[in-house]
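Before reading on, take a moment to look over the sequence and the model. The paragraphs that follow lead through it one part at a time.

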Amino acid sequence: MASEQIRVRLRRRSPGLAGAAAFTFLALHAAGADDSIDWARAREFWSFRTPVAQARPAVRAVRWPRERIDYFILARLEQRGLAPSAEADRRTLIRRATFDLTGLPPTPEEVAAFLADSRPEAFERVVDRLLASPRFGERMASLWLPLARYAEDQAHQVGKDTKFFYPNAYKYRQWVIAAFNRDLPYSQFIQLQLAADLLESTNSPNLAALGFLGLGPKYYNRDRLDVMSDEWEDRVDTVGRTFLGLTVACARCHDHKFDPVTMSDYYALAGVFASTRMVNRLPDGKAEDSKASATNINPGTLHVVEEGEPKDLNIFLRGSVDRKGPVAERRFLRVLSEGEPQTFKEGSGRRELAAALADTHNPLTARVRVNRLWGWFFGRPLVSTPSNFGHSGDRPTHPELLDDLAVRFTDHGWSVKSLVREFVLSSTYRQPSGVESLKRSIVKSADKSDNEPSRFNDSTVQRFNGKTASSTTDPANEFFWRMNRRRLTIEQWRDAILFVSGELSPECGKSLELDDPENFRRTVYGRVSRLKLNDLLMQWDYPDANVHAEKRSATTTPMQKLFVLNSPFMIARASALAARVKRETSGNETVRIENAYQLLFARPPDRAERAAALEFLRKRDEGPMTRWEQFAQVLLASNEMLYVD
């Protein structure tokens, strides 16, 4: 209710109520003290209800499903008169899975081994090998870090002052990579990032996990309440959207306009972070000198948080620290609690907040996590607003599937690897993308190619012309009748270029600038700046590191093409690729062309491609680059190098 409306009602009902009394009434209303929300009804919204295990749907095409998720996908397709696509060819599958699970392309040897493996479980062996690779953690971390708004400096800098920078931020990144590689249960993954010091100790090997909070934005004049309130908003927003898929920070200045989240809820959570101090902790447990700069900080220092003086915050009316309303006791969100939420009693409340987020009865945490994973591996999440499961977000396209996944995720120990394995082994994942690839796959399936028996009968092939109508009925592929073609992230693309040129280094550790011509490490080990994001990252749609990023854009700009054509990085990689092909391939140009295509695209060139390449390479060298270097650059610049089918 608007303040003016309240004043009008006050004058009508209580003409004598004015001054301080009227202000107190307004303050209570702004703080949600009138309890106008029907909480029982609010909890009936789909995402606030506890997920329920679903019965496996009945389907007609009983031979198609491989995994449990396939039944849900197929049932929805059949309801709409659609049919799934035939399985993609093996070259497409291994390239897709290798990029998805490691962020790198497969080697020609790995492709050849898969093609030669006639055992029914051949693809399972590939997937298990990729899940066991240390590259898996690097790939998953590259997807996680933008959610945590990972960065190594601040958006503001006065002169050359670097005391608020995070030169050892990479220690948090290394912890995240290791956590994914050892398949740390997601419930523990959450809790350690909020309260590792309280759950274990200040000497815990998991202390670096606190970088989730400890690497947050810091602003100048941190002794001012209005400045600190901005920092607390960042913590509430990042925790709320990352783990709960809720825009809780929208309730800083007023009750949430769409969701049952009040100002009392917001300030209850903000109080947790107001009771927490950011600290640079030395290996001996002591705090680093607060004036230490990025250049002289101890190499063992961790950027983390610790307990401060526990305190509950007043509600700041309209977000103004000068207008204080009632005190909001630290606690969890009311809509996600059974009845009245219990106030936090243990210090800052971080440990209790972490437990509430990771509670199996929390209706959002598992749903949000499995939805993000689904989006990463299928190119489209079930809820297309992955950080907004509230009323202003989108509804799930497959609510039963989302619930079933969430329940099984928690029942199976919150294992990310187990869930990812099910995704990648499913028939849904194995579908081709695009109508032309569908046609090729149907023909290959009918021919029982690639050493695997067909899972489709003749009627499936005969229905191809009818199936292409799916692109008209469901052009956005909301129901997953095919796979989504996806553009590689900047991390995948840069890493793949270094990988095929034979230059990629397995080294990790302290961050390096991506502009450094001697930096051959994976992109995840590059420095990320809030002050000035690296030009390469910015050109290729890496998210703003100042805030939580629920998804990435996929732009196509002239600057991207100019980079591919003219940058010293691309020219050097083309030269290295050409040298590698010549070094590793003995024989004529035809064999070398074949090797180049196998390295980059996991396939041989077709007749037209081979003929065009031979015609180009037979011409005399002109300019500073040889014909082979120019040809290598063309391949690196191709769309096929940038996309995965």
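This is a predicted model: local features need pLDDT of at least 70, side-chain atom pairs count only at pLDDT 80 or more; totals for chains, interfaces and linings use all residues.

The buried residues of H28 are Arg 627, Trp 628, Glu 629, Phe 631, Ala 632, Gln 633, Leu 635 and Leu 636. What lies over these buried residues includes helix H22 (490-500), helix H24 (558-566), helix H25 (568-584), helix H26 (589-601), H27 and helix H29 (639-642).

One of these covering helices, H27, can be followed in more detail. The axes of H27 (residues 607-617) and H28 (residues 627-636) come within 9 Å and cross at roughly 145 degrees. On the H27 side, Ala 613, Phe 616 and Leu 617 take part in the meeting, and on the H28 side their partners are Arg 627, Trp 628, Gln 630 and Phe 631. Sorted by class, this contact of H27 with H28 holds five nonpolar residues, one polar residue and one charged residue.

Helix H15 (residues 365-378) packs with helix H17 (residues 416-425) at an angle of about 40 degrees, and their axes are 11 Å apart. Because of that angle, H15 counts as oblique to H17, and the crossing of H15 and H17 is right-handed. H15 brings Arg 369, Val 370, Leu 373, Trp 374, Phe 377 and Phe 378 to the contact, while H17 brings Val 416, Leu 419, Val 420, Phe 423 and Val 424. In the contact of H15 with H17, 10 residues are nonpolar, none is polar and one is charged.

Which residues have the most contacts inside the largest nonpolar core? That core has 171 residues, and the ones with the most contacts inside it are Trp 144, Trp 374, Phe 377 and Trp 493. When neighbours within four places in sequence are left aside, Phe 377 is in contact with Asp 100, Leu 101, Met 140, Val 420, Phe 423, Val 424, Tyr 429, Met 483 and Arg 486.

The chain contains 29 helices and six strands, and of its 645 residues, 57% count as buried. Among contacts in the chain between residues at least 6 apart in sequence, 69% join residues at least 24 apart.

Conventions
Residues are numbered from 1 along each chain as its sequence is written. Side-chain values use heavy atoms; hydrogens and water are left out. Axes are lines fitted to C-alpha atoms, for helices over the stretch in contact, and angles run from 0 to 180 degrees between N-to-C directions. Helices (H or I, at least four residues) and strands (E, at least two) are DSSP runs, numbered from the N terminus. Contact means heavy atoms within 4.5 Å. Ala, Val, Leu, Ile, Met, Phe, Trp, Tyr, Cys and Pro count as nonpolar, Asp, Glu, Lys and Arg as charged, and the others, Gly among them, as polar. Angles under 35 degrees count as roughly parallel, over 145 as roughly antiparallel, 65 to 115 as roughly perpendicular and the rest as oblique. A crossing is left-handed if the near helix is turned anticlockwise from the far one by less than a right angle, and right-handed if clockwise. Buried means under 20% relative accessible area, exposed over 50%, partly exposed in between (1.4 Å probe, protein chains only). A nonpolar core is a set of buried Ala, Val, Leu, Ile, Met, Phe, Trp, Tyr and Cys residues joined through side-chain atoms within 4.5 Å.
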